[in-house]
Amino acid sequence: MILLLAATDAVIFGPGGHFQFEQSNDSFGIRSHGIIEQLGSNQTKFYPLPQSTAEEYFRLRPEDLLRNPFRPEQYDRQEVIGPYQIENARAWFGKQYYDSEGERGVGAFGYFDTSNRIYELFSPPEVARYEISAILVQPDCVWLGLDRFVEDISKVPGGLVRWDRMTQAVQRYPLEFEVDEIRAVGDSLRLETRGGYALFRGGALRRFLADGTPIAKFPPPPTQF
């Protein structure tokens with residue numbers, strides 16, 4: 001198993017090492033819009049990341065639709081592959097997207113299966129209005145950091161989610177800080193954030209500055225960078 005943070009490096013994975021994340025420029029810089037398979041003789045096949053539909057937005061983000069209504073033909077989104085983890089033949093990842101100034105999206109996570117070359121995506125209601133900031137795939141569950149990428153190039157924390165791989169049950173834990181990385185440390189999760197980290201165990205959270213000093217809460221994130 002290989003653990004990585006974001007699809008920004010030309011990492012090779014899958015049977016025979018024939019797959020990698022596509023990288024190309026868009027309005028936010030170099031990002032990954034899908035997966036490329038090397039077929040040999042300098043030939044490749046591109047598997048674009050499926051994009052959400054207006055109907056999915058209407059169904060999964062009704063509160064946001066009430067605040068900012070639009071017609072289906074006005075649904076403007078550019079969802080890309082964000083943080084990921086390779087698990088055998090599957091590349092697990094979370095979607096990322098800009099959620100302001102007329103651009104929208106539906107939060108999702110899932111995997112690309114290199115054995116059958118198919119995407120499988122999940123958008124439970126607890127995830128639908130957020131992008132994925134961090135992911136950790138474990139044998140029994142998937143942990144997700146959530147945020148919203150909004151105006152002024154700002155991130156709004158969205159909490160931590162545990163998704164059960166057997167039942168698909170979701171448990172969400174509110175957080176006041178953005179999760180940049182999730183790692184398993186013993187029987188705890190270490191949640192990295194700007195200026196520090198938190199240890200999560202059994203639903204309880206302990207917060208620390210980068211030097212290990214305990215704190216009660218992290219300060220609000222800056223409104224712009």
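**A mostly-strand predicted model, seen through its rings and core**

Q168 is partly exposed, with a relative accessible area of 45% (buried means under 20%, exposed over 50%, partly exposed in between, using a 1.4 Å probe and protein chains only). The residue sits in the loop between β16 (154–164) and β17 (170–173), and its phi is positive, at about 65 degrees, although Q168 is not a glycine. N42 is another non-glycine with a positive phi, here about 60 degrees. N42 is found in the loop between β6 (34–40) and β7 and, with a relative accessible area of 83%, counts as exposed.

A word on the ground rules: this is a predicted model, so local features need pLDDT of at least 70 and side-chain atom pairs count only at pLDDT 80 or more, while totals for chains, interfaces and linings use all residues. Residues are numbered from 1 along each chain as its sequence is written, and side-chain values use heavy atoms, with hydrogens and water left out.

Overall, the protein comes to two helices and 22 strands (DSSP runs numbered from the N terminus: H or I of at least four residues for helices, E of at least two for strands). Its radius of gyration is 18 Å, close to the 17 Å from the globule rule for 225 residues, so the protein is as compact as a globular protein of that length (the radius is taken over C-alpha atoms, and the rule is 2.2 Å times the number of residues to the power 0.38). Buried residues account for 47% of the 225.

An open sheet of four strands runs in the order β2-β3-β6-β7, with antiparallel pairing (strands pair if DSSP finds at least two bridges between them). Its edges are β2 (12–13) and β7 (43–48), each pairing on one side only. Two bridges hold β2 to β3 (residues 19–21), with F13 standing opposite F19. Both phenylalanines also belong to a cluster linked by ring pairs, made up of F13, F19, F21, Y47, Y84, F93, F112 and Y119.

The structure holds 24 aromatic pairs in total (Phe, Tyr and six-membered Trp rings with centres within 6.5 Å; planes under 30 degrees apart are stacked, over 60 edge-to-face, the rest tilted). In one of them, F58 and F70, the centres are 5.3 Å apart and the planes at 45 degrees, so the pair is tilted. F58 lies in helix α1 (residues 54–60) and F70 in the loop between α2 (62–67) and β8 (76–77), so the pair ties together parts twelve residues apart in sequence. F58 is partly exposed at 26% relative accessible area, whereas F70, at 10%, is buried.

The largest nonpolar core has 15 residues, of which W143, L160, I182 and L191 touch the most other members (such a core is a set of buried Ala, Val, Leu, Ile, Met, Phe, Trp, Tyr and Cys residues joined through side-chain atoms within 4.5 Å). β14 (131–137), β15 (141–150), β19 (188–193) and β20 (196–201) each supply at least two of its residues. Leaving out residues up to four places away in sequence, L191 touches a list that includes L160, I182, Y197 and F200 (contact means heavy atoms within 4.5 Å).
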